[in-house]
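Hi,

Here is the structure I promised to pass on. Have a look at it first, and then read my notes below.

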Amino acid sequence: MFTSLRARLTPRLARTLAFVGAAGLALGTAACTTDGPTALSEQTASFNRAAGGNGGLATEVTTLAWTKPAKERTASAVIGRAGGVLRIPSGARLVVPAGAVSANVTFRVTQVAGSILAYDFEPHGITFAVPLTLEQPINGTNFDRFTNPVVRGAYFKDVLQLDQTRLKATVDEFRPTVLSIDKKWIRFSIDHFSGYIVAMD
């Protein structure tokens, strides 16, 4: 049922393989609604913190981009202990599993204006007892321009880390990521909030 993403392993990625099993379990148990991606390829071996704490070195990556520059748009929903789904105007969905939060929280997702596919999540700084999942459709992006990319969800702290001209971003953390077998959806876990992009190196 599953096919592997062809990852170009670097020494940094090799050191993180021990985390893959645990991260895969988290993704496998995340909630998903019936009209989303159903067949997912194996998780990319790419869970590591590019900037380990204050003073760490961040990593520059090539980003997934829109075929046409996006306008800033925001979606929000109040979701509590039972979980739920926040649908984003771009077609993406934020899946909040049961138990992720202990009380009602107003989740807000803003699609960052520009060519880079990027989102700002609020409340900033919030962490989750159970990882959330972002499901991003490939439609409307430049995904087909890449040959065998290493596809990774990636965290950034500030929009100033996005270079809209070069389609590059400086990221602070990579997230466990899967690509659907039909290559129509990207799915990655989120355990805390600020900004996220899809890295395509």
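A quick definition before anything else: I call a residue buried when its relative accessible area is under 20%, exposed when over 50%, and partly exposed in between, using a 1.4 Å probe and protein chains only. Strands are DSSP runs of E with at least two residues, numbered from the N terminus. Please keep in mind that this is a predicted model, where local features need pLDDT of at least 70 and side-chain atom pairs count only at pLDDT 80 or more, while totals for chains, interfaces and linings use all residues. Residues are numbered from 1 along each chain as its sequence is written, and side-chain values use heavy atoms, with hydrogens and water left out.

Let's start with β15 (185-192). Seven of its eight residues are buried, so β15 is largely enclosed by the rest of the structure. Two strands count as paired if DSSP finds at least two bridges between them. By that rule β15 pairs with β9 in the antiparallel sense, over seven bridges, and Thr-127 has His-192 of β15 as its bridge partner. β15 also pairs with β14, again antiparallel, over three bridges; there, Val-178 stands opposite Arg-187. The hairpin of β14 and β15 has five residues between the strands, and Lys-183 takes a positive phi near 55° in it.

Next comes the loop between β15 and β16 (195-199), where you'll find Ser-194. Is Ser-194 buried or exposed? Ser-194 is buried, because its relative accessibility is 7%. Its side chain reaches the backbone oxygen of Lys-157 at 3.4 Å.

Two bridges join β11 to β12 (residues 168-171), and Asp-163 has Lys-168 as its bridge partner in β12. In the loop between those two strands sits Leu-167, whose phi is near 55°, a positive value in a residue other than glycine. At 24% relative accessibility, Leu-167 counts as partly exposed.

One last thing to check: a cis peptide bond joins Glu-122 and Pro-123, with omega about 10°. Pro-123 is in the loop between β8 (118-122) and β9 (127-137).

Cheers

How values were computed
Helix = DSSP H or I, 4+ residues; strand = E, 2+ residues; numbered from the N terminus. Polar contact = N/O pair within 3.5 Å; in protein donor to acceptor, adjacent residues only side chain to side chain.
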